[in-house]
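Please read them with the structure open.

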Amino acid sequence: MTRKLTRRHVLAASVATGAGAFATPVRGAPPEAQKITPALIEAAKKEGKFSWYTSVDLALSEKVANAFEAKYPGVKVKVERSGAERNYQRIGQEYQNKIYNCDVVNSSDAAHLIVWKRASMLAPFVPEEVAQYFPAAHRDPDGMFASWRITLCPVAYNTKLVKVEEAPKSYADLVDPKWMGKIVKAHPGYSGTIMTATQQLSRDLGWAWFEKLAKLKVMQVQSATEPPKKLAQGERAVMADGGEYIVEELKTRGEPVEIVYPTEGTPLITGPSGIMARAPNPNASRLFHAWSMTREAQQLNIDVGALRSAHALAKDRPDMKKFSDIKTLREEPDVVADQADALKAQYLKIFKV
Amino acid sequence: MTRDLSRPILLAVSALLAAMIVLPVGWLLVVSLTDKEGGATLANFVALFTDPTFVDPLVTTLIIACSVSVICCLVAAPLGWLVARTDMPLARTVRTLVMASLVTPPFVGAIAWEMLAAPNSGLLNQLWRLVSGMPADEALFDIYSLTGLIFVISCYTFPYVFILVANALDRMPGELEDASSMLGAKTWQTARRITVPLALPTLLAGALVAFLQALNLFGSPAILAIPAGFHTLTTRIWSLFQFPPKPELAAAASVPLLVLTILLLRAQAMALGRRGYAVLGGKYGAPRPIRLGWLRGPAVALALFILAMPLFLPYAALFNSAFSRVASRIVTPETITLHNVRFTFLELSSTMPALKNTFLLATASATLGALLALLIAYIVARKAVRGHRVLAFLATAPLAIPGIVLGVGLFLAYTRPPLALYGTLWILLIAFVTIELPAAYQQLGSAFHAVHPELEEAGRMLGATQLRTLADITAPLLRSAVIATWCFIFVATIRELSAAVILFTSETKVLSVLIFDLKESGDVGAIAVLSLSMVAITTVVIAAANRLHARPQVRPAT
């Protein structure tokens, strides 16, 4: 049998662990920051296309792709959108079979980037603006990846079905039997956002909280982008988890949805991006990666997509709660990397799917 | 004189078939009996049968399959009888529409029923609240439930049973019924004592077909069972392919499905084998339609009501969400939007590659599959090589391999040398041809029985090779059957999901997988647009093919 690349294997091979968001061993000086040069643009145009594997919401990913194509005509983006865990599995399966389709990858499960880095599957590349404007916590010291997007995984409700005063304020409120059959939630086996949130919530609230939740006949969907859509449709009254940016975007469109940042704290979801070492279109990849981290592109993420940004010059949307005012739960991608299988198994045991 | 290439070609076909089936199934069995280090073990099976996350889905699946089978018979038998044996108005239309409902991929049907009968946002529930004043948190229908799933699977399975029953009733000799009434039996007595017993074997076969369909279906359970918090066998196998992938467990989980399917097919063959007495004999008069009298109205109403389930209601829901911003709202002239259409065709970068892949694969599978089925049917019907029975067996064997199991098997077989086909369209082509071969072979096989060998013998006596006879004499006579088979494979390929969902890569995504992907992220509008396009393409192809063979059909030569 061929050997499978699993997180555990990769982790067993690696010695170093440590605290901090992106705890990977520093392998000497980080590569020099790169500008978007006319030569790079030319080389990218020669390749003409590349694949971007991402787990950001489909509509937003296509908007990002369109903005890039408008800025650099002649370089086409092929968006491969699926759940972060699906993409992770697919890339693993494709690489095992020597299929190198993926150029640039973005995951809402930051642990993936750590695993890929340790397996030497990423290429170092530091865009100029990442070096200049991204805090250390949001860029890999070896230049393998940087946080392309940040979002939260809050609770939300449909304002037509739930009155403000009755809405849950905390995770403790959420497991009240009065929500029986009224909750929708996404799946950590599909979504990186939910995987990350599940680790944080099981750490801070304990699995007992999930067991209580599972008794409430929760509607189980896959993507973290779906619970907000189910709220807007009125299919369920409350969502236990899901992407903040999707709820915000639906709110902007006038749908009856409202966010709750639970009093215990809201799971923080960092979505880093990197370039694959075996990217078939390395120049187009670099151009896109560099562009996606610019102030302009990051501001687009915020304005059009309601995401948060690590870019120092990017401005929060006035209609969104200020990031600094929200109590967030601590992110531990290295722990997620280590425990992903166990987390999924536990989840399957509790929720049956 | 040209050398007769028949024999080598025929042998090559046999070898190809053997490889197509033996390779995936062989690897499946080997991997299911192997541990991570490569040693022989039964541990995978032990792990499965002691694990409630596997045993529960097995039980659930059996419940679903039994229920679907019973419901399909209860619906299809009366409907088939009404259409075939009575003077119900619109009988032809009803028959065509039931067939047409088969064009709908079951997973699209499941998505449409989600729009209709989701407990809160479902259009039917909303409507019922409006009419009856039912409170907002109660629901008339809950599609995310075992009953909901059984209902939706039945909607898209009963047409198979219906076709079997209606065809059998068509062929049933009218004389027997005439004799019965001449001897003084009343209409209902005749029906009970003659028609029903004659149709019973077919119905039993139909029940088994429905059971198999429900057993091996992947799309509908994936869409409806998982939100409801349970797995079926197929979705569980698929979930074993998610991260961290456990192909050895997936392989082991596939084995019970495989064994069950083989057993049921044996049972079906026995049931159908007895059908002989219903059609045996010389020429009979066309059966006499039974007069329904004042029941004609209620009968046609019942037929249309049944048709609303797989056809009218789901398509209304799909059209509604294709042109609506939010699927749970009824489109009005003020709210109608082309947003979804624009998004699907102009912004969604996967649409065009997926359409291209799908079209390419469907055309290639249909052509290759029809050709292969023709060759095999010919060899078997004319006993052209020794061991032709083996060929017949091999050509029908894939019936026993559920799509998802074949997907797993092909994945295991073609992700290693010498044929590392994973990641190419070839592996999908092999999957589709293998899956559709049995039906294609059966269609063409029965067509061959209608062509008397003496025509071919004449060609052979005049010095033509076997292959040349096949090309110049037999094939033209079978023209309409070949076209029908081609269409059949084309349509079936377009809607195939269960094998494709295991075998695709980002570069080889097909329409069904794209729709499934969109489903997982809840992009309902784009799904509606793509599903409707899919059905439109299929319908156009079938219509075109129907025009092609609108020419006089080949009559039995005897």
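The points that follow take up the interface between the two chains and then a few individual sites.

1. Please keep in mind throughout that this is a predicted model, and that the values quoted in these points were computed from it.

2. The interface of chain B and chain A involves 52 residues of chain B, which are in contact with 53 residues of chain A. Between them the two chains bury about 4,300 Å², and 50% of this area is on carbon and sulfur atoms. Within chain B, the residues that lose the most area to chain A are B:Phe243, B:Ser506 and B:Glu520, which together account for 17% of what that side buries.

3. The largest share, four residues, comes from H25(B). By class, this side of chain B has 23 nonpolar, 16 polar and 13 charged residues.

4. B:His231 deserves a separate look, and it is found in the loop between H11 and H12 of chain B. Is B:His231 buried or exposed? Its relative accessibility is 7%, and because the cut-off for buried is under 20%, B:His231 counts as buried. The side chains of B:His231 and B:Thr235 are joined by a polar contact of 2.9 Å. Beyond its neighbours within four places in sequence, B:His231 is in contact with residues of both chains, including A:Lys352 and A:Val353 as well as B:Pro57, B:Thr60 and B:Arg236.

5. B:Ala47 belongs to helix H2 (residues 43-49) of chain B, and with a relative accessibility of 38% B:Ala47 counts as partly exposed. Although B:Ala47 and B:Leu249 are 202 residues apart in sequence, their C-alpha atoms are 8.3 Å apart in space.

6. Finally, in chain A, strand E2 (residues 49-54) is mostly covered, with five of its six residues buried. E2(A) pairs with strand E3 (residues 76-81) of chain A in the parallel sense, over six bridges, and the bridge partner of A:Lys49 in E3(A) is A:Lys76.

Note on methods: Residues numbered from 1 in each chain as written. Chains lettered and ligands numbered in written order. Predicted model: local features only at pLDDT ≥ 70, side-chain atom pairs only at ≥ 80, totals over all residues. Heavy atoms only, no water. Contact = heavy atoms within 4.5 Å. Buried area = accessible area lost by both parts, 1.4 Å probe. Helix = DSSP H or I, 4+ residues; strand = E, 2+ residues; numbered from the N terminus. Nonpolar A, V, L, I, M, F, W, Y, C, P; charged D, E, K, R; others polar. Buried < 20%, exposed > 50% of the residue type's maximum accessible area, 1.4 Å probe, protein only. Pairing = 2+ DSSP bridges. Polar contact = N/O pair within 3.5 Å; in protein donor to acceptor, adjacent residues only side chain to side chain.
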